Structure formats: C-alpha cells, structure tokens
Amino acid sequence: MKIKISDNVLIVAGKEKGKTGKVLKILKKNGKIVVEKLNIRTRHIKKTPQKAGEIIHYEAPMAVSNVKIICPNCSKAVRVGYKLLDNAKKQRVCKKCDQSLDRTEVTTKTTRKS
Ligand SMILES: [Zn+2]
C-alpha cells in the first residue's frame, strides 16, 4: 500500500471528489482508508428504555484507488514512486518533484562510517 497514516490525500472519485484530507486509518485487508472529515456517514442509534436515541457521525472508509497522495513538497496530487536508499530500504518519492513523501520519517541519527 502506497498510502500511510497522516498522508494528505486528494479524493479523485466518489461523492467527495476534489476534497482533501488527512489519512486517519488504513484498512489493509480490504484496501480502504479513513480520511479525516470526509465520507461522513450518519448512524441512527435507536432509543432503548435505558438510553435515548442518538445520531452518530463517523468517517466511513473509502477505497484507496479513489485517492491520490498530495506531495508535501510540490503540493500537487501525485503518483508515488519508489527510491532505494543506501540502507536497502525503500522510500516513497513524488514522481513530479522527486522529493521524499515520508516527511515524518526524517532520521536524525547520522550513520558513521568506520
Ligand atoms: Zn512533489
């Protein structure tokens, strides 16, 4: 999965098309994500003798294929590429500006060469 939690994404299909939001949750199993304040559904909880009825708003998962990552560097909805790092780890990069999309994974430790 190319998308990670706290990525900013642009919705490219469905009723929220054109909106942007932050990824809150990733449901790997069914290929869906939950985006903050988007795809809001309403659930009516029926009242019971013990409890009053309630209306709950919640963010429904949407398909990963309906969103595009917004690059934090060039602020465009972009396609994701991969770059192999020196430590053999893969890094997600923006296909437009070639910058890393993993701004949260800035490593502070410096590797010393012996
Ligand atoms: Zn970019």
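How many helices and how many strands does the protein have?

1. In this predicted model, the protein has 0 helices and 10 strands. Read along the sequence, the pattern is accordingly written as β-β-β-β-β-β-β-β-β-β, and the points below should be read with that arrangement in mind.

2. When contacts between residues at least 6 apart in sequence are considered, 37% of them join residues at least 24 apart.

3. A point of backbone geometry concerns Lys 37, which is not a glycine and yet has a positive phi of about 60°. Lys 37 is placed in the loop that runs between strand S3 (32–35) and strand S4 (40–45). Is Lys 37 buried or exposed? With 12 other C-beta atoms within 10 Å, Lys 37 is exposed, because a residue counts as exposed if 12 or fewer such atoms lie within that distance.

4. Another point of backbone geometry concerns Ser 75, a residue other than glycine whose phi takes a positive value, near 55°. Ser 75 is located in the loop between strand S7 (67–70) and strand S8 (77–78), and Ser 75 is exposed, since 10 other C-beta atoms lie within 10 Å.

5. For a colleague checking the backbone, the residues to look at here are Lys 37, with its positive phi of about 60°, in the loop between S3 and S4, and Ser 75, with phi near 55°, in the loop between S7 and S8.

Technical notes: Residues numbered from 1 in each chain as written. Predicted model: local features only at pLDDT ≥ 70, side-chain atom pairs only at ≥ 80, totals over all residues. Helix = DSSP H or I, 4+ residues; strand = E, 2+ residues; numbered from the N terminus. Contact = placed C-beta atoms within 7 Å. Buried ≥ 20, exposed ≤ 12 C-beta atoms within 10 Å, placed from the backbone.
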